[in-house]
Structure formats: structure tokens, C-alpha cells
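Colleague: I am new to reading protein models, and I would like to go through one with you, feature by feature. Could we take each idea in general before turning to the case at hand?

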Amino acid sequence: MVEEDDRRIIEQVLAGSESAFRQILDLHTQRIFNYVRRMTSNSMEAEDIAQETFIRFWTSRDRFDPDRVKLTTWLHRIAHNLCIDYFRRRQQEEKQLPAPSDSQSSQDSPGTDYELSIRAAVVHKALMALPERQRSAIVLCHYQNFSQQDAAHILALSVDALESLLRRGRSKLKQILAEELK
Amino acid sequence: MNLERFTLIVESYGADPQQWPGDERAEALEFSRSSTDALSLLDKEAALDEHLALFELPDHKRSVQRIEKGILSALKPGLLEQLLNWILPDVDDLAHTLWRPTLAACMPLLLGVAIGLTLTDNNTYELSSDEELSLLAFTAAASEERSYD
């Protein structure tokens with residue numbers, strides 16, 4: 001499952017080596033951040049979730065079995081679960097808050113990201129309009145370049161279910177983008 | 001490979017053959033060359049792939065640095081934990097680390113010796129000449145009493 005060098009680093013991490021953990025950070029932080037960044041509305045939220053992903057990995061490293069799953073798949077799975085927790089929490093908070101007035105709702109929310117180019121923002125907006133699991137399936141397969149088996153493992157699905165999610169997600173994306181780009 | 005399966009693959013994974021399932025890629029590619037329906041389907045999905053490719057992320061070096069800094073500071077143990085980690089010997093390397101708990105155990109003894117030395121220094125007292133004379137007088141009186149006895 002893992003290359004020899006990676007295995008050595010992983011074994012050191014599992015034994016509690018902080019310097020080996022730093023190497024893991026150097027290798028995987030960017031990729032995890034990119035995944036979370038595409039899943040969430042802005043960089044600050046993505047930073048918090050990415051940070052929590054590695055802290056969770058470190059504190060429960062005894063649960064990771066390198067013979068069964070690749071480290072990057074495991075990290076993405078933690079990140080995915082944290083994203084789902086985050087969306088649930090945000091939905092609950094939004095339910096508790098009073099509905100925004102028309103003038104407010106037409107403006108960007110504080111979470112809106114201004115760093116993306118206009119074209120990227122249109123695609124991001126379309127992705128954000130998808131249900132979380134469809135979005136996650138597309139981000140994992142299209143942007144993170146995971147194999148079907150690894151993406152299915154991250155989402156805790158069968159490969160058939162993953163294909164179904166991807167197909168529905170892409171179909172919906174086509175509709176949304178067709179309207180946005182009219 | 002048939003049109004139904006090819007459609008499912010392309011509608012799920014897009015028009016780029018690199019994204020298709022590895023075990024079906026060759027067959028799907030061959031099928032795409034032989035079917036006009038397959039080609040039009042590829043064109044349709046390629047348009048979505050192009051849109052998806054527009055979502056490029058800007059350089060996130062600073063974000064990544066912040067994340068790593070945050071993680072390392074969150075994992076940094078407190079002073080007490082650091083002290084305990086240092087004192088407790090490494091089970092795999094007892095020969096080189098056993099001196100640490102030994103030193104920690106000796107600390108009360110060393111502290112006691114230090115306090116003792118400090119107190120001894122304070123008790124060093126030089127007699128004044130009057131005090132010496134009165135002590136001599138006591139000694140003389142005592143020896144006289146002994147001689148009477």
C-alpha cells in the first residue's frame with residue numbers, strides 16, 4: 001500500500017515521532033487544504049478544517065493501519081468527515097438565526113471568498129450548490145485525482161454508489177452552469 | 001463495452017480517459033473510436049470538464065504555513081508535560097535515560113544538603129572579647145568548684 005520511505009515515516013509517526021509528523025505535514029497539508037478549500041466557502045474555514053484534520057490524525061494515530069489504507073486516503077476521509085460535521089453545524093446555526101432581509105440576502109455573505117477569479121468563482125458557486133456528497137465525489141475524483149476505489153473508501157460507499165453520485169452531481173452541475181453562464 | 005456502460009462511465013468521470021476506471025479504460029477508448037454516439041457524448045462531457053478546470057485555486061503558501069504552525073502549536077505539550085516527558089525514562093533506551101529519574105529522585109536530598117550548608121554558614125559566630133572573658137571566668141569558676149570537691 002505504501003512506498004518504503006513513506007512506510008518508515010508513517011511507522012515513526014505511529015510511534016509518536018514529532019519530526020516524522022512534520023514530514024507528513026510537509027507532504028500532505030497542501031493537498032488536504034485544496035480538498036477542503038474546494039468543499040467550503042472560504043479559506044479561513046478551510047484552514048480550520050485542514051488544521052483539525054491533522055490534529056485528529058495525530059491524536060488518534062493508533063487507529064490508522066497503513067496495511068489497509070493509504071495515508072492520503074485516510075487523511076481525506078478525516079477531512080471529509082470534518083467537512084460534513086461543519087456543514088451540519090452551519091445548517092443548525094442558520095436555522096437558529098432569523099432569515100435575512102432581501103437586501104441582505106442579495107449581498108455576499110461574510111463567508112464569501114474574494115480571492116478567486118470570476119470564472120473560478122462561478123464554478124465554485126455551482127459546486128457549492130450541489131449536495132455535499134455529490135460535491136465531495138466530484139472534488140475527490142476530478143480535482144484530487146483519486147481512483148474510484150479510494151474515493152469510494154473516503155466517502156464510505158461502494159464504487160457503484162460513487163458512480164451514481166458522480167453522475168447525478170455532474171448532471172446537476174451542467175444545469176447550474178448553463179443557467180449561470182447564459 | 002456497450003453504449004450504456006460507456007455512457008455511465010463518461011457521465012460519471014468525464015471525457016478524460018485518465019479519469020476512467022483503469023480496468024475498463026482500454027475497452028472504453030476503443031468503443032469511443034467506433035461509435036458516433038460515444039463521440040458526441042464525449043464532446044458534451046468535455047464542455048463540463050473545461051468548466052471544472054476553471055476552478056483553479058490561488059497560491060496558498062501562507063494558508064499552508066498558518067495551518068502547519070497552528071497544528072504544531074496545538075500539539076506542543078505544556079511545561080508540566082514537557083518536564084514529565086523528560087523525567088520519565090525511555091523504555092527503549094533505559095541505559096541512556098535512567099539518569100533522569102535518578103537525578104529527579106536525588107533533588108530533595110541535594111536540596112536538603114544545600115539548606116543544611118546555608119544554615120551552618122549562618123551559625124558561624126565569632127565571640128566578642130567580653131564574651132570570651134566571661135566564658136573563661138565560667139571555666140575558672142568550674143575548676144575551682146571541682147578542686148573544693
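This is a predicted model: local features need pLDDT of at least 70, side-chain atom pairs count only at pLDDT 80 or more; totals for chains, interfaces and linings use all residues.

Colleague: Where is A:Gln144 placed in chain A, and is A:Gln144 buried or exposed?

Modeller: A:Gln144 is found in the loop between H7 and helix H8 (148–154) of chain A. A residue counts as buried when its relative accessible area is under 20%, and A:Gln144, with a value of 4%, is therefore buried.

Colleague: With which side chain does the side chain of A:Gln144 make a polar contact?

Modeller: The partner is the side chain of A:His76, and the distance for this polar contact is 2.8 Å.

Colleague: What should I look at when I want to describe two aromatic rings that lie beside each other?

Modeller: A pair of aromatic rings is described by two quantities, the distance of the centres and the angle of the planes. Over all chains of this model, the count comes to 8 aromatic pairs. One of them is formed by A:Phe64 and A:Trp74, with 5.6 Å from centre to centre and 40° between the planes, and this pair is tilted.

Colleague: Which parts of chain A does the pair of A:Phe64 and A:Trp74 tie together?

Modeller: A:Phe64 belongs to the loop between helix H3 (43–59) and helix H4 (71–96) of chain A, while A:Trp74 belongs to helix H4, so the pair links parts that are 10 residues apart in sequence. A:Phe64 is buried, at 4% relative accessibility, and A:Trp74 is buried as well, at 17%.

Colleague: How does the pair of A:Tyr143 and B:Phe55 look, stated as a distance and an angle?

Modeller: The centres of A:Tyr143 and B:Phe55 are 6.0 Å apart and their planes make an angle of 80°, which is an edge-to-face arrangement. A:Tyr143 is in helix H7 (residues 132–143) of chain A and B:Phe55 is in the loop between helix H3 (36–53) and helix H4 (61–75) of chain B, so this pair joins two chains. A:Tyr143 has a relative accessibility of 14% and counts as buried, and B:Phe55 is also buried, with a relative accessible area of 1%.

Colleague: Which residues form an aromatic cluster, and where do charged groups lie over rings?

Modeller: A:Phe21, A:Phe57, A:Trp58, A:Phe64 and A:Trp74 form one aromatic cluster. As for charges, the charged end of A:Arg61 sits over the ring of A:Trp58, at 4.0 Å from its centre.

Colleague: What should I expect of the backbone angle phi?

Modeller: Most residues other than glycine have a negative phi. In this model, A:Asn145 has a positive phi of about 55° although it is not a glycine, and A:Ala156, which is not a glycine either, has a positive phi of about 55°.

Colleague: Where do A:Asn145 and A:Ala156 lie?

Modeller: A:Asn145 is in the loop between H7 and H8 of chain A, and it is exposed, with a relative accessible area of 55%. A:Ala156 is in the loop between H8 and helix H9 (159–180) of chain A, and at 54% relative accessibility A:Ala156 counts as exposed.

Colleague: Which residues does B:Asp49 touch?

Modeller: Not counting residues up to four places away in sequence, B:Asp49 touches A:His142 and A:Arg170 in chain A, together with B:Gly14, B:Ala15 and B:Asp16 in chain B. B:Asp49 itself lies in helix H3 of chain B and is buried, with a relative accessible area of 13%.

Technical notes:
Residues are numbered from 1 along each chain as its sequence is written. Chains are lettered from A and ligands numbered from 1 in the order in which they are written. Side-chain values use heavy atoms; hydrogens and water are left out. Rings of Phe, Tyr and Trp (its six-membered ring) pair if their centres lie within 6.5 Å; planes under 30 degrees apart count as stacked, over 60 as edge-to-face and the rest as tilted. Helices (H or I, at least four residues) and strands (E, at least two) are DSSP runs, numbered from the N terminus. Buried means under 20% relative accessible area, exposed over 50%, partly exposed in between (1.4 Å probe, protein chains only). A charge sits over a ring if NZ of Lys or CZ of Arg is within 6 Å of the ring centre and within 35 degrees of the ring normal. A polar contact is a pair of N or O atoms within 3.5 Å; within protein, one must be able to donate a hydrogen and the other to accept it, and residues adjacent in sequence count only if both atoms are side-chain atoms. Contact means heavy atoms within 4.5 Å.
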